[in-house]
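Subject: the two-chain model

Hi,

Here is the structure I said I would pass on. Have a look at it first, then read my notes below.

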Amino acid sequence: MIHLDFATTRLFEYMPKIILPAVGATMRMLFFSMILGVIIGTLVAIVLVLTSPHGLKPNPKVYKVLGFVVNMIRAFPVIILIVAISPLTRAIVGTSIGEKAAIVPLTLSAFPVIARYIEASILEVDPNLILAARSFGASDRQIIFRVLFPEAMPSIVSGLTTTTILFLGATTLAGAVGAGGLGAVALTYGYQRFDDVMMYAIVLILFVMVLVIQGGGEFIYRKQKKKGGVFK
Amino acid sequence: MILVQNLYKSYGTAEQNMVLKDISLDVQKGDIFGIIGQSGVGKSTLLRCINGLEGFDRGRLIVNGRNVSDLSDDELMHFRKDIGMIFQNFALLNRKTVFENVVLPMQCWGYSKSRVNSIAKELLSLVGLEDKLHAYPSELSGGQKQRVAIARALTLEPKILLCDEATSSLDPGMTQSILDLLRSINEKLGLTIVFVTHEMDVIKIICDKMAIIAEGRIKVAGSVESVFLQEPAALLELVGQKPIEIPHGKAVVRLSVKNENIADPFLYEMAGAIDVPFTILSAAIERANRKRFGNIFLAVPENDLQKVLTFFNDRMITCVHYNYSPAERSIR
């Protein structure tokens with residue numbers, strides 16, 4: 001049962017000292033893991049699009065191996081990945097606990113999702129555009145960057161919005177294993193101390209963050225879509 | 001300009017996957033060459049072989065004096081510069097403006113900005129869209145979209161333009177205006193045009209020469225006038241025309257009247273010269289590409305047949321005794 005006891009909650013006391021810094025930590029974890037995830041995910045998506053059986057340079061071997069790796073990483077629950085790759089994390093950032101350390105497993109689990117979203121968005125582009133571009137002698141690089149990405153952009157943006165919200169949830173999960181951030185606060189100061197007001201206040205903060213990300217994503221999507229003059 | 005010799009293409013290895021069989025064509029510079037056939041007979045595949053978008057198994061394909069199968073990937077890119085292509089669904093980038101779409105090929109080839117601007121503006125006024133520079137494709141009609149695609153296809157100054165069902169998703173009025181545009185471009189720029197379509201009207205309006213393709217094979221090829229006057233089985237099949245029924249006790253003659261004779265009062269003269277009570281069974285005068293020609297079927301009494309044949313053949317109008325036999329007309 002939810003028991004909101006406003007008399008004993010330490011929410012207001014902890015607000016400036018603990019909760020606000022945790023909001024910052026969550027945002028930083030999300031921001032950096034998404035940026036890195038987009039960079040790696042884009043590169044992987046390009047290779048997938050190039051080498052797919054109907055791609056610009058079909059290469060079944062590369063496509064299958066990469067597809068296998070991507071699917072395998074996606075099969076790992078984020079929390080398992082955080083534990084499983086801790087030696088790798090330590091090698092990269094020098095420690096396996098804390099905010100910086102969480103970015104490594106978060107990035108690792110985000111890039112396959114992002115790569116698949118981008119791949120799917122690009123596959124939706126009218127294949128005749130590729131034929132047309134080839135017919136005027138465009139190179140593969142030009143087809144990818146001047147035709148496919150620009151045309152797929154609205155769809156990529158909406159995919160990234162969904163991924164970002166998904167990984168907001170994942171950052172709180174990372175909090176449970178020592179990464180800090182809102183998840184950790186909700187767990188240790190809320191749940192474990194039976195301070196439900198604290199816990200739900202943090203859920204509310206996360207909810208607002210979801211709204212902001214969704215709203216921002218939709219705003220960019222709308223702007224991108226408007227560029228085609230079709231948005232009503 | 002385009003020479004196709006005994007070209008074969010298949011997807012996979014099985015014989016039934018053979019999409020093009022023993023295709024031979026000769027397209028001369030400045031021709032508007034129509035390739036017609038029902039959907040799924042390999043017309044578009046043939047077109048894509050011409051600019052190397054698809055490979056083929058056997059045969060020879062020489063375009064602009066170059067053997068297409070000998071080209072490396074890099075050479076192929078340069079080779080395609082000389083061949084524009086337009087599509088049924090226009091293949092425009094929806095998120096780029098008319099102007100951005102048209103300049104795209106030139107940007108890919110690294111043309112200077114001033115050159116890009118002047119060529120794009122010139123071509124957009126050629127296709128009549130100089131006031132739509134900053135519109136997006138979704139704001140244009142189908143005909144206007146195809147005009148943008150034509151302008152884009154012409155930016156690299158190609159020698160050949162390939163049209164893949166380019167008017168098939170347009171209404172008749174727009175089809176006519178696009179075809180008029182293509183003809184004027186053909187005349188102004190001396191562009192060779194290969195037009196793949198399933199619409200006979202398109203062939204009649206714009207093409208000088210045509211080929212009928214069915215089951216992956218060329219069934220007939222020649223000038224539009226000669227193909228229509230010959231009425232080969234493949235043509236009748238395609239337009240769904242039934243053969244003429246021969247009235248009892250009569251003989252039927254087919255007059256194939258060419259453009260140069262069509263204005264002559266030959267029936268009037270025949271009526272005056274020989275006393276034959278003829279009736280007209282069918283007469284279709286085609287208006288194709290500024291020419292008029294057609295077949296006229298006359299029923300005459302059997303014993304007057306020779307008189308009629310002699311009369312017309314003396315006047316250099318092809319006249320034959322028409323004897324329908326189902327076996328001969330069958331396509332296989």
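How are H8(A) and H9(A) oriented to each other, roughly parallel or roughly antiparallel? Before the answer, some housekeeping. This is a predicted model, where local features need pLDDT of at least 70 and side-chain atom pairs count only at pLDDT 80 or more, while totals for chains, interfaces and linings use all residues. Residues are numbered from 1 along each chain as its sequence is written, and chains are lettered from A and ligands numbered from 1 in the order in which they are written.

Now the helix pair. The axes of helix H8 (residues 182–191) and helix H9 (residues 196–226) of chain A come within 7 Å and cross at roughly 160°. Angles over 145 degrees count as roughly antiparallel (under 35 is roughly parallel, 65 to 115 roughly perpendicular, the rest oblique), so H8(A) and H9(A) are roughly antiparallel to each other. The axes are lines fitted to C-alpha atoms over the stretch in contact, with angles from 0 to 180 degrees between N-to-C directions. Helices are DSSP runs of H or I with at least four residues, and strands are E runs of at least two, numbered from the N terminus.

Among the H8(A) residues that meet H9(A) are Leu182(A), Val185(A) and Tyr189(A), and the H9(A) side includes Met199(A), Ile202(A) and Leu206(A). Contact here means C-beta atoms, placed from the backbone, within 7 Å.

Next, where the chains touch. Chain B puts 23 residues into the contact and chain A 21. On the chain B side, H2(B) gives the most, with 4 residues, and the classes are 13 nonpolar, 5 polar and 5 charged.

Chain B itself is assigned domain 1 (2–235) and domain 2 (244–329), with bounds from an automatic or database assignment. Their C-alpha centres lie 38 Å apart, and 11 residues of domain 1 are in contact with 10 of domain 2. H8(B) gives the most to the domain 1 side, with 4 residues.

Last, the sheet: chain B has an open one of 4 strands, antiparallel, in the order S2-S1-S4-S5. Pairing requires at least two DSSP bridges; S1(B) and S2(B) are joined by 6. Lys9(B) stands opposite Leu20(B) in S2(B).

Cheers

Key: Contact = placed C-beta atoms within 7 Å. Nonpolar A, V, L, I, M, F, W, Y, C, P; charged D, E, K, R; others polar.
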